[in-house]
Amino acid sequence: MKLFLKYAIAALTVASTAVGAFAQDESSSSTIVRRRAGDTDRRGATASQQAPGVTERMQEFYKQTETSDADKMWMRVIYRDLELDNPKNASLYYPEELIDDQENLFRIIMRLLANNQIAAYEYQDGKEIFTDQYKVKVRDMLDRFHVLYTDAKGSSEKNPIYTIEESDVPTNEVLSYYIIEKWEFDSRTNKTKRIVEAICPVLHRSDDFGGDAVRYPMFWVKLADLRPYLAQQYIFIDDDNNLPKYTYDDFFTLSMYDGDIYKTRNLTNKSMMQMFPDPDDRKRAQDSIQNRLDTFDKNIWVPSREEVIAAREAREAAEAEAEAAGEGDIASRDGNTTQTTARSARSSRSSQKATPKKESKPKARAAKAKAPKTTSNNAVRSVRRRK
């Protein structure tokens with residue numbers, strides 16, 4: 001009996017240990033199990049509202065880590081205008097309609113805003129503040145720009161969700177984007193970083209009389225909030241390769257866009273057009289700012305001995321080439337002068353041979369008169385003196 005009780009207690013101990021281990025495994029694996037449709041996460045949003053493949057861990061991964069002010073040695077804030085008729089920026093506009101799960105940038109932004117997955121902030125023309133105080137209410141924004149919508153199922157005051165038909169999304173009117181760039185020099189890495197901080201869709205709408213289109217900046221969206229979703233959408237960069245090899249996240253992270261500088265952060269909060277009304281002066285100022293940004297890393301370091309020697313040799317070689325080219329020009333000019341002189345001399349000699357000079361008769365008579373007399377008279381005179 002005692003032996004039976006001992007075996008029973010041992011069996012119960014083993015069974016409880018196995019059950020505990022199984023429960024522990026199940027609880028640890030539940031954090032990486034993809035939620036099915038209808039399941040809710042800790043924030044109460046359904047999994048159907050989440051983008052495919054985007055998890056909380058991915059959102060944390062794509063969040064930009066702010067560099068400490070103690071590590072920043074220099075920073076410049078640049079505002080750019082990305083025109084979508086530029087071939088380098090065409091990937092942000094096409095396709096206009098949803099084709100094979102391919103969406104353009106504005107459709108992605110509107111879908112995320114309608115599902116209350118990202119936040120939008122007010123456009124303040126150079127005084128952007130990305131805090132809760134300046135968040136845009138999606139309903140007010142849709143009403144202001146006359147975008148049709150309906151309240152989605154499950155929408156509430158705390159979690160407003162909207163349904164927007166594909167045909168009601170004004171993708172054909174969003175013809176440009178404003179972006180905010182931060183150029184930072186990090187003293188830890190001794191490199192300059194170029195970071196896109198926020199994106200603003202710009203509507204181009206004409207009036208009822210068909211006049212020039214007026215620009216309406218809609219709102220700002222932080223790129224850090226968009227990156228987990230932009231990394232899921234592959235796009236075409238050019239027509240030479242028909243395979244989408246890059247994502248929207250790569251497009252902004254690798255600076256594959258092209259845009260003019262329309263403003264820089266300054267004390268007076270003036271745009272480039274206000275500071276430089278003349279188009280030529282404005283273009284030169286934009287090129288100067290871009291050149292300083294591109295060469296900032298090179299201008300802060302003292303060149304090494306090898307670089308100084310290489311620069312001196314290159315300068316001497318350029319001077320030698322310039323001198324050789326100058327000597328060649330002088331030699332060619334001297335050669336041309338010599339040839340001209342020789343040709344003129346030959347022509348004069350030939351003219352002299354063709355028409356020889358003849359002495360005139362009066363000159364010949366004068367020459368004979370001046371000539372000395374014959375020696376016969378001198379001989380006779382000497383003889384007489386002897387006598």
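1. Buried residues of α5. Leu223, Ala224, Leu226, Arg227, Pro228, Tyr229 and Leu230 are buried in helix α5, where buried means under 20% relative accessible area, exposed over 50% and partly exposed in between (1.4 Å probe, protein chains only). The helix is thus mostly covered, with 7 of its 8 residues buried. Helices (H or I, at least four residues) and strands (E, at least two) are DSSP runs, numbered from the N terminus.

2. Basis of the values. This is a predicted model, in which local features need pLDDT of at least 70 and side-chain atom pairs count only at pLDDT 80 or more, while totals for chains, interfaces and linings use all residues. Residues are numbered from 1 along each chain as its sequence is written, and side-chain values use heavy atoms, with hydrogens and water left out.

3. Chain overview. The chain has 12 helices and 10 strands, and 28% of its 387 residues count as buried. Of the contacts (heavy atoms within 4.5 Å) with a separation of 6 or more, 62% are between residues 24 or more positions apart.

4. Packing of α3 on α5. Helix α3 (residues 105-114) packs against helix α5 (residues 223-230) at an angle of about 105 degrees, and their axes are 11 Å apart. That makes α3 roughly perpendicular to α5. Axes are lines fitted to C-alpha atoms, for helices over the stretch in contact, and angles run from 0 to 180 degrees between N-to-C directions; angles under 35 degrees count as roughly parallel, over 145 as roughly antiparallel, 65 to 115 as roughly perpendicular and the rest as oblique.

5. Composition of that contact. From α3, Leu105, Ile108, Ile109 and Leu112 meet Leu226, Tyr229 and Leu230 of α5. The residues of this contact comprise 7 nonpolar, no polar and no charged; Ala, Val, Leu, Ile, Met, Phe, Trp, Tyr, Cys and Pro count as nonpolar, Asp, Glu, Lys and Arg as charged, and the others, Gly among them, as polar.

6. Leu230. Which residues does Leu230 touch, not counting those up to four places away in sequence? They are Leu105, Ile108, Leu223, Thr247, Tyr248 and Asp249. Leu230 is buried, with a relative accessible area of 0%. Its C-alpha atom is separated by 5.2 Å from that of Asp249, 19 residues apart along the chain.

7. Nonpolar cores. A nonpolar core is a set of buried Ala, Val, Leu, Ile, Met, Phe, Trp, Tyr and Cys residues joined through side-chain atoms within 4.5 Å. The largest has 42 residues, and Leu92, Met141, Tyr177, Phe219 and Phe252 have the most contacts inside it. Two or more residues come from each of α3, α4 (138-144), β4 (174-186), β5 (191-205), α5 and α6 (248-253), and α3 gives the most, with 8 residues. Apart from this core lies another, of 12 residues, including Val77, Tyr79, Ala119 and Trp220.

8. Phe130. This residue lies in the loop between α3 and α4. Leaving aside neighbours within four places in sequence, Phe130 is in contact with Tyr121, Ile180, Glu197, Ala198, Trp220 and Lys222. Phe130 and Val221 are 91 residues apart in sequence, yet 8.9 Å apart in space, C-alpha to C-alpha.

9. Lys182. Beyond neighbours within four places in sequence, its contacts are Met75, Arg76, Val77, Lys193, Arg194, Ile195 and Glu197.
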